[in-house]
Amino acid sequence: MSQRLIYIMDPMCSWCWGFAPVIDALQAAHPQLPLHLVVGGLRPGVTDPLSEATRRTLGEHWQAVGRSSGQPLLTPDALPDGFIYNTEPACRALVVARELDPQCVWPLARAIQAAFYTQARDVTQCQILIELAEQVGYNRQRFHRAFIAEQAVTATAADFNWVADLGISGFPTLLAQRNGMLALLANGYQPAARILPLLQRWVEAG
């Protein structure tokens with residue numbers, strides 16, 4: 001019997017940062033379930049710098065995430081001047097990580113999230129993503145080569161398309177998969193106390 005959790009997320013999605021401790025709790029409760037990350041693409045291909053109006057709107061969202069999840073977040077005002085909120089590079093980093101060593105994908109996602117939300121680092125930049133990948137155990141040169149390859153761009157777009165074909169537009173989304181069949185555990189942020197019983201029933205039903 002094949003079963004796993006499929007986590008559809010974007011490492012630069014604030015509600016996904018809020019959901020990170022929930023994923024940790026689910027993995028602690030059910031270590032037998034592999035976690036497979038799929039990137040949904042929150043803002044792929046954006047080319048315009050953040051406007052002041054968008055920073056204010058983001059600030060309201062980030063405050064809500066902090067209140068609901070307890071996760072630490074800076075304000076969007078801490079982001080660099082001229083920051084372009086293009087989430088494709090960070091998503092691509094996770095796709096590359098998944099191919100090179102699936103065991104380190106979640107640690108890298110966590111590292112990217114923490115760098116962005118608690119340090120205001122520009123995780124759209126290749127060098128920062130490579131540095132974070134090296135910190136969680138990837139070989140720097142190998143990761144760099146894979147990250148800049150056209151195959152990585154194509155594979156990332158394939159993730160985006162798979163998510164869109166499922167009709168999923170909100171993140172985080174958590175699915176449980178058994179023998180090819182998918183069950184929805186969460187669409188949007190939910191606390192661990194709400195998801196753990198659902199997951200327990202799904203495991204017991206198998």
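Residues are called buried under 20% relative accessible area, exposed over 50%, and partly exposed in between (1.4 Å probe, protein chains only). The model is predicted, so local features need pLDDT of at least 70 and side-chain atom pairs count only at pLDDT 80 or more, while totals for chains, interfaces and linings use all residues. Residues are numbered from 1 along each chain as its sequence is written, and side-chain values use heavy atoms, with hydrogens and water left out.

Trp162 counts as partly exposed because its relative accessibility is 34%. The residue is found in helix 7 (residues 150-165). Helices are DSSP runs of H or I with at least four residues, strands are runs of E with at least two, and both are numbered from the N terminus. Together with Leu166 and Leu182, Trp162 makes a nonpolar surface patch of about 250 Å². Patch members have over 30% relative accessible area and no salt bridge; like charges are joined within 9 Å, and nonpolar side chains (Val, Leu, Ile, Met, Phe, Trp, Tyr) within 5 Å. A salt bridge is a side-chain nitrogen of Lys or Arg within 4 Å of a carboxyl oxygen of Asp or Glu. Areas come from the Shrake-Rupley method with a 1.4 Å probe, and for residues only the protein chains shown count as cover.

Helix 1 (residues 14-29) has 16 residues. Its first and last C-alpha atoms are 24 Å apart, close to the expected 22 Å. The expected span is 1.5 Å times one less than the number of residues. Helix 1 bends by about 35 degrees at Ala20, and Pro21 follows within four residues. The bend is the angle between axes fitted to the seven residues ending at a position and the seven starting there. Buried residues of helix 1 include Trp17, Phe19, Ala20, Val22, Ile23 and Leu26. Ala29, also in helix 1, is partly exposed at 42% relative accessible area. Ala29 and Asp48 are 19 residues apart in sequence, yet their C-alpha atoms are 42 Å apart in space.

Cysteine pairing was examined next. A disulfide is a pair of cysteine sulfur atoms within 2.5 Å. By this rule the count is zero. The closest cysteine sulfur to that of Cys16 belongs to Cys13, at 3.0 Å, which is too far for a bond. Cys16 is buried, at 0% relative accessibility. Cys104 is in no disulfide either; the nearest cysteine sulfur, in Cys126, is 18 Å away. Cys104 is buried too, with a relative accessible area of 15%.

Helix 4 (residues 105-119) has 15 residues and should span 21 Å; its end C-alpha atoms lie 20 Å apart, which agrees. Its buried residues include Val105, Trp106, Leu108, Ile112, Gln113, Phe116 and Tyr117. Just after helix 4, Ala120 takes a positive phi of about 55 degrees. Ala120 is found in the loop between helix 4 and helix 5 (126-135). At 12% relative accessibility, Ala120 counts as buried.

Most residues other than glycine have a negative phi, and most peptide bonds are trans. Asn179 has a positive phi of about 50 degrees although it is not a glycine. Asn179 lies in the loop between strand 3 and strand 4 (181-187). In contrast to buried Ala120, Asn179 is exposed, with a relative accessible area of 51%. The peptide bond from Phe171 to Pro172 is cis, with omega near 0 degrees. Pro172 is found in the loop between helix 7 and strand 3 (173-178).
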